[in-house]
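Reader: Hi! I'm new to looking at protein structures. Could you walk me through one?

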Amino acid sequence: QVRLVESGGGSVQAGGSLRLSCAASRRTFNGNAMGWFRQAPGKEREFVAAISWSGDSTFHADSVKGRFTISKDNARSTVYLQMNRLKPEDTAVHYCASRDGETWRGRFEYWGQGTQVIAFS
């Protein structure tokens, strides 16, 4: 079964923090690299961060580097995105994604429904 369910979105003042969670089914988590993407109103979806199956390799977009951190808990089949020092330009629907492959380089095949993040000034 393919399942990715995001949670943790919300509305916070700029400078604040949120932690997104993505609970995945075994089919979409085991052996797969995981990622976070986002889409702001009127803009294309963009990459945010990704993590390898083993967890020893991560990559963050320049726009979030130093503020956001991707991590995972294999025992819980869950991937997280810790977002600190949020900016108004981080406002977007954030999506969890999975790809068939241990490394994060490549196309992501499976997607969650998204969770809204709003950072207001």
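**A buried arginine and its surroundings**

Author: Happy to! R67 counts as buried, at 6% relative accessibility. Please keep in mind that this is a predicted model.

Reader: Okay, and where is R67 found?

Author: R67 sits in the loop between strand 6 and strand 7.

Reader: Which residues is R67 in contact with, leaving aside its neighbours within four places in sequence?

Author: They are Q82, M83, N84, R85, L86, K87 and D90. As for A33, which is 34 residues away from R67 along the chain, the two C-alpha atoms are separated by 21 Å.

Reader: You listed Q82 there. Where does Q82 lie?

Author: Q82 is part of strand 8. Beyond residues up to four places away in sequence, Q82 touches S17, L18, R19, R67, F68 and T69.

Reader: Does Q82 count as buried, exposed or partly exposed, and why?

Author: Q82 counts as partly exposed because its relative accessibility is 27%, and that class lies between the 20% and 50% cut-offs. Q82 and G35 are 47 residues apart in sequence, with 13 Å between their C-alpha atoms.

Reader: Let's zoom out. How many helices and strands does the protein have?

Author: There is 1 helix, and there are 11 strands. Starting at the N terminus, the order of elements is β-β-β-α-β-β-β-β-β-β-β-β. The radius of gyration is 13 Å, close to the 14 Å from the globule rule for 121 residues, so the protein is as compact as a globular protein of that length.

Reader: Nice. What box do the C-alpha atoms fill?

Author: Along the principal axes, the box is roughly 40 × 25 × 25 Å.

Reader: What percentage of the residues count as buried?

Author: 45% of the 121 residues count as buried. The accessible surface comes to about 6300 Å², and carbon and sulfur atoms account for 45% of that surface.

Reader: Now the inside! Which residues have the most contacts inside the largest nonpolar core?

Author: Those are M34, W36, V79, L81, M83 and L86, in a core of 24 residues. At least two residues of this core come from each of strand 3 (18–24), strand 4 (33–39), strand 5 (46–51), strand 7 (68–73), strand 8 (78–83) and strand 11 (115–120). Strand 3 gives the most, with 4 residues. Apart from this core lies another one, of 6 residues, including A33, F37, W104 and F108.

Reader: Let's pick L81. Is L81 buried or exposed?

Author: L81 is buried, and its relative accessible area is 0%. L81 lies in strand 8.

Reader: And what does L81 touch, not counting residues up to four places away in sequence?

Author: L81 touches L18, R19, L20, W36, V48, A49, F68, T69, I70 and H94. R45 is 36 residues from L81 in sequence, and their C-alpha atoms are 17 Å apart.

Reader: Can we try a loop again? Where is S52 found?

Author: S52 belongs to the loop between strand 5 and strand 6 (58–60). With a relative accessible area of 5%, S52 is buried.

Reader: Which residues is S52 in contact with, neighbours within four places aside?

Author: A33, S57, K72, E102, T103 and W104. S52 and W104 are 52 residues apart in sequence, but their C-alpha atoms are 5.4 Å apart in space.

Reader: One last topic, backbone angles. What is the phi of S77?

Author: S77 has a positive phi of about 50°, although S77 is not a glycine. S77 lies in the loop between strand 7 and strand 8, and is buried with a relative accessible area of 15%.

Reader: And what is phi of R85 near?

Author: Phi of R85 is near 45°, a positive value in a residue other than glycine. R85 is in the loop between strand 8 and strand 9 (92–99). With a relative accessible area of 49%, R85 is partly exposed.

Note on methods: Residues numbered from 1 in each chain as written. Predicted model: local features only at pLDDT ≥ 70, side-chain atom pairs only at ≥ 80, totals over all residues. Heavy atoms only, no water. Core = buried A, V, L, I, M, F, W, Y, C linked by side-chain atoms within 4.5 Å. Buried < 20%, exposed > 50% of the residue type's maximum accessible area, 1.4 Å probe, protein only. Contact = heavy atoms within 4.5 Å. Rg over C-alpha atoms; globule rule 2.2 N^0.38 Å. Areas by Shrake-Rupley, 256 points an atom, 1.4 Å probe, with all protein chains shown as cover.
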